[in-house]
Every structure is written in structure tokens, then in C-alpha cells.
Amino acid sequence: MYKYDEYDHAMVDARVAEFSDQVRRRLAGEITEDQFKPLRLMNGLYLQLHAYMLRVAVPYGTLDSRQMRMLAHIARKYDRDYGHFTTRQNIQYNWIKLEDAPAILEDLASVEMHAIQTSGNCIRNISSDQWAGAAADEITDPRPWAELLRQWSSFHPEFSYLPRKFKIAVIAANEDRAAMRLHDIGIQIVDKDGQHGAAFYVGGGMGRTPMIAPLIKDFVPLDDMLSYAEACLRVYNRYGRRDNIYKARIKILIHELGADEYRRQVEEEFKHVKSLGIDPPKAEFDRIAAQFAPPPLDASAPDAIDRSDPDFAVWVDQNVAAHKVSGHAIVNISLKPIGGIPGDASSAQIDLMADLAEKYSHDELRVTHAQNIVLPHVRKADLYAVWQALDAAGLATPNLDLISDIIACPGLDYCSLANARSIPVAQKIATRFSDLGRQKELGELKLKISGCINACGHHHAGHIGILGVDRKGTENYQLSLGGSGAEDVSLGTITGPGFDEDGVVDAIERVTDKYLAERTEGERFVDTFRRVGMAPFKEAIYG
Amino acid sequence: MKLLTGNDLKTGFVTWWTGADWSLHIEDAADVGEAGEAILAAEEGARRVNAPYIINGEQTADGPRPAHIKDRIRALGPTVRPDLTLKPADPAAGDWVI
Ligand code: HEM
Ligand code: SF4
């Protein structure tokens, strides 16, 4: 785990002091809301449907038990005893009081956390693979590079007022668990002839104009990574559309210029940028990387798992993944109990997960873009104890990547931009498909729901996606099929006219029935969809 | 009818203009007719409310209700957490929201 150095501490502490004073001035009437709004947004404080909302960054989704406990403490002391984990590996609190915000930020700073750059037209929290450092299939741990990008992007003076928000993801495995190509910049650390470099995919995104990022450069030597990122952003900062908020993201610029022309401009800029000495000396990178050294895992730990408890065995099969060190495993904790609110966890649950991480996972936890939590380094021999503790706290739902492991944005229950509610739809679908045998029969099926076209719930990337729209003041839901945020990235296609809340649940059942009827051996839902196309599904839905 | 709503500056809680003050309860909301803009300007200036705006509402037997679903959800609280709404003990409290 990265530990703040004196500069990190000084930056965050100074910002807490500055924002505390801004809050004081706002409450004293020295500044208006118009003046205050951009200041609070820079500190992650939104005004949402029911109160202020605070978004706290979890850099590349990694945190330790002490930090996790602080998240529980904040939920308990300042909010209503729960938090919402988001698709950008952050946590949101929905009931924050303005007068408490300075104290919360101080508490966060005490465990090396903050809410800086979780809003605004700047480089946001760098996201990554939630299995980084543990995954059997990664070529290296991507987090040192993510941390380097975090340091580079924090308070970057040139990129604090970009045309629009900017999201970067870094991965180092062929399996994409971070929706890398749906980011403004997606970086994949790759191996070429024994050398590691960064493949740069630029100009992806969701929102109202979803786009898959084209490959801009297949191999940037890692010694040039920051300079190359700087060049990518400079071209965007110079030519991105500031006149039209709907065309302001980098994806639109690259789409309009064409990937080749954008690449040419980046390369040109890069030649100049490289002369500025932005990339850190090797010693500095090594200092960062050393802090991500793998925990001391005993590779001779027993590999066998006692599966005599059938409920435990079901959970192991669904929620436990392969670790790179034998005798160990990656535990995925589902925050999607049937009928629950996707991504929500109570203070007590957050504390419990922190305790389990401390005891069984070398003090580490991860937040996933699918709104779940991971214990990355668990001995196989400890899995049963971990499962028992999770089960007692309602955290052992064995549904990872199944139809009830739904991504859902807060929607109209919490979000002021929403057109329709997302959460009740997720609850109804999970309840309809609650039978685990049926879910397993359907296999991997990624269902994602957004309450408006901003697509915070990744609906474009859902094998099944649902978008809430406002139809003359009532909630209506559009269904799309065939998206993916993984390495087989694709954007979903809308099926046709929308549905009401119950109608969309029925339609999904017709879609899954059709899939079961059409699929061939070994095909996932999305594979069948790609093979047979929309027509049979449309027929099944609309008759 | 026209209603005024916003959020309390300090707590962020949803509030409704009662004709003289701000209340957490939609039942207390008053029809402001054409006077909305003037009241908003004065109240925002006095820092008694944050980000206020005017909405359409309708009078019902149980009191005023916002016309749009979004403000009805604001009036009570998240539909998925009845325990966190203004009337956690009343299972029927949200019947009019959706
Ligand atoms: C509740 C307050 C929120 C507000 C006001 C908000 C606002 C927005 C807006 C305006 C966009 C569209 C940006 C564009 O197309 O240029 C967007 C996109 C997005 N947001 Fe949110 N959002 C909120 C909550 C969330 C939550 C809870 C999550 C995670 C679950 C999230 C994750 C994302 C993601 C992944 C995207 C799409 C990626 C992209 O193209 O940027 N947001 N959000
Ligand atoms: S998709 Fe829309 S409704 Fe959902 S959180 Fe984002 S802005 Fe809000």
C-alpha cells in the first residue's frame, strides 16, 4: 500500500484548511452559493436530492483496514449509517451536512484519504483492476503506475480546468476488469519481447455519446508514460470543445479529428513534452513501486479447500477467484444481496470487512467498478472462516457476475440529474431471478442500470442494459442488449420501445428465456446475442 | 399552485416555503402564486435556503403535493429506504410519491 510522504500530507492538509475556511465563509454569508459551488465541487461535495453528497476517492480502488474503518466511522458519525460504493471505485455519502464537511475531510486526511478531484473538469480518481497485485493473469501490478498518475494528476496546474471531466484507468492483464476502453484514457501495461510498456487507448466514454477508445499507441516505454499522458491531455486541453458541454469530452474531439490525426498531434506534442523532464527518475518510481511489494504470502500454504459445507462450496465456486500465489485466493464480497441496494453497505458491514481484511487479507481491501468489495490475499485455509463471518453479516451472496450482481447508479432516489429510479428496478430483477440455480443456469450475465443518459451505471456496457428515461413525467425504461465493458468491449443496442418498471422486468425474462432456447454449448448470453443478433430477441420481447 | 422548495444551507435538508418560514414538511407548504421569484431572492440572500426553485404543485385532501415525481421523492425521502424518510413509522407514508 502506498503511504503518503510529506508532500502528500502537506497538500491534503492545506486543502482541508482552505476548504474549512471556505465553508466558514459560506455559512457566514461572505460568499454566495454561485461563488461557493465550484469550491465545494472541487472537494467532492455535491448538493443532491435530499442533502449534500460527499464523494470520497479510493485511489485505484485500494484501501487498508484503517481507511475502511474510517469510511464506516464517517457513515456512522456524520451520515445515516451507510455508504454507497460506486462504479468509479469511490464511496458516496448521501446525507452530509455542510457544517460537518470540514471535520469529515479532516478525519479522512488522518488516514491519507480525501475527496479532492472527485468532481469538476479535472483528472478524476485513477481507477484500476480490483485484483491488481493478486490476479493470476496480470503481467505486473498496475498500481505503481496508477499511483504515479495519481501524483502527476493531483493539482496538475494545467489540467485543473479541462474542457470536461477526465477519467483514466490502468490495467495490466488481458482480462479487462476495469472497463478500461470506456475511459478517456485507458492504459494497459503490456509485454513486448520481455519489456513492459503502456498501450494507450484514448477517447472512450459512456454518457450520451458512448464510444470505445481507439488504440492511439500500442507501446509507450514506461519511462515515457507520464510525458505521453501529458501530451494526450495537452492536445485535448487545447482543442476540446469548451463551447458545448455535450461535445466537450475527449471522445468527441478524437471522433471529429480521427484517431490518426489526434495521434499525429500527440506525437508532435510528445517530442516537446519529453524534453521537459516530467517522467520521474527511476529511483522515485522504485520508491513508489516498493510500497506495492506483494505481501509475504506462503506459497507452500495448503491448496485444498474443504468443501463439505455445501453453501460454502457454492460461494467458493462463484465468488472466489484464482490468486497468483498457490494456497491463496481472491475473495469477492458481493454488495448485491437479493432485493438489496446495489453497492450500499452499512457501517457495521464496512467495519466487518475491515476486520476480515486485517485478519485474513494482509490488511488490504479493494473496491470494484461493479460495486463490490474484494479481499485480495486470503489463504485458502481461511476461506471457510471468512465465509462464515460474511454470511453472518449478509455479505455472502454467491452471485458474482450473475444476473443479480447488478450495477445500478443511485437514480432518482438520490440523484438530482435522474429521470427515473434505478434501484427499485435492480431490486425487482434480482428478486425475480432470486433462485440461484436459475441464475447459475444463465451464467455470466452483466446487467447494468442508469437513471439517466449520463450512464453512471454503465448501461451501454451491460450484456443487458437499462436506461431510465422520463416519459411525460413518468418513469420509463429502455432496454439494450449486447454491451460489454470487458476485453470484448462493445456497446449495447436498444431493443425498441421502452417499458414501465414491471414491464422491463418481464421483458428481461423473455430475453433470458430466449437465450436459453437459442444458446449453443458454452455460450454466454452475450455470445449468443452476438451470434444470432437482435431479431430473435426483439421478436421474443415485442411479439 | 406554485410551491417553493430548496435545501437548508447548513444541513442540505429539503425545505418548503410555508409563507413565513421554511419547513421540512411538504404539508406545510404554501401556494406562492406569482410571488415566487421575489421570495426566493430575499430568502436566498438571507441565507435561509440554498438553491431554491419554484415548482408546480397540486392541493390534495392531505395537503399540497409536488406535481413532478422528482420533487415528490424529495418531499419524503428515498423510496428504497422507508426507514430514512420523514415518516419512517408509517408504511403508507409514501403511497402518493410514485
Ligand atoms: C449522484 C451524483 C452524480 C452526478 C451529479 C453525476 C454526474 C455525471 C454526469 C453529468 C456524467 C456524464 C458525463 C459526460 O457524459 O460528460 C456522469 C458520467 C458518469 N458517472 Fe456520474 N454522477 C453521479 C453519480 C455517479 C455515481 C454514483 C457513479 C458510480 C456508480 C458515477 C459514475 C459515473 C460514470 C462511470 C460515468 C460514465 C463515464 C463517463 O463517460 O464519464 N456517477 N456522471
Ligand atoms: S446516470 Fe444519471 S441518474 Fe444515475 S447517477 Fe448518473 S447522473 Fe444520476
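## Strands of chain A

Strands are DSSP runs of E covering at least two residues, numbered from the N terminus, and two of them pair if DSSP finds at least two bridges between them. The model described here is predicted.

Strand β8 of chain A, residues 185–192, has pairing partners that include β7 and β9. With β7(A), residues 168–171, the pairing runs in the parallel sense over four bridges; within it, A:Ala169 has A:Gly186 of β8(A) as its bridge partner. With β9(A), residues 195–202, β8(A) pairs in the antiparallel sense over eight bridges, and here A:Ile187 stands opposite A:Phe200 of β9(A). The hairpin formed by β8(A) and β9(A) has two residues between the strands, and A:Asp193 adopts a positive phi near 50° in this hairpin.

## Surroundings of ligand 1

Ligand 1 is surrounded by 22 residues, the closest being A:Thr87, A:Lys165, A:Lys167, A:Arg249 and A:Cys456. By class, this shell comprises eight nonpolar, eight polar and six charged residues.

An N or O atom in the side chain of A:Lys165 is 3.2 Å from a nitrogen atom of the ligand, while a polar side-chain atom of A:Lys167 lies 2.8 Å from one of its oxygen atoms. The backbone also takes part: a polar backbone atom of A:Met206 is 3.0 Å from an oxygen atom of ligand 1.

## The iron atom and A:Cys456

The iron atom of ligand 1 has a single donor from the protein, namely the SG atom of A:Cys456 at 2.2 Å. In chain A, A:Cys456 is placed in the loop between β17 (447–450) and β18 (464–471). A:Cys456 is also listed among the residues around ligand 2.

## Interface between chains A and B

At the interface, 30 residues of chain A are in contact with 24 residues of chain B. The two chains bury about 2300 Å² between them, of which 59% is on carbon and sulfur atoms. On the side of chain A, the residues losing the most area to chain B are A:Leu49, A:His50 and A:Arg80, which together account for 21% of what that side buries.

Notes
Residues numbered from 1 in each chain as written. Chains lettered and ligands numbered in written order. Predicted model: local features only at pLDDT ≥ 70, side-chain atom pairs only at ≥ 80, totals over all residues. Heavy atoms only, no water. Near = heavy atom within 4 Å. Polar contact = N/O pair within 3.5 Å; in protein donor to acceptor, adjacent residues only side chain to side chain. Nonpolar A, V, L, I, M, F, W, Y, C, P; charged D, E, K, R; others polar. Donors = N, O, S within 2.8 Å, 3.2 Å for Na, K, Ca; no water. Contact = heavy atoms within 4.5 Å. Buried area = accessible area lost by both parts, 1.4 Å probe.
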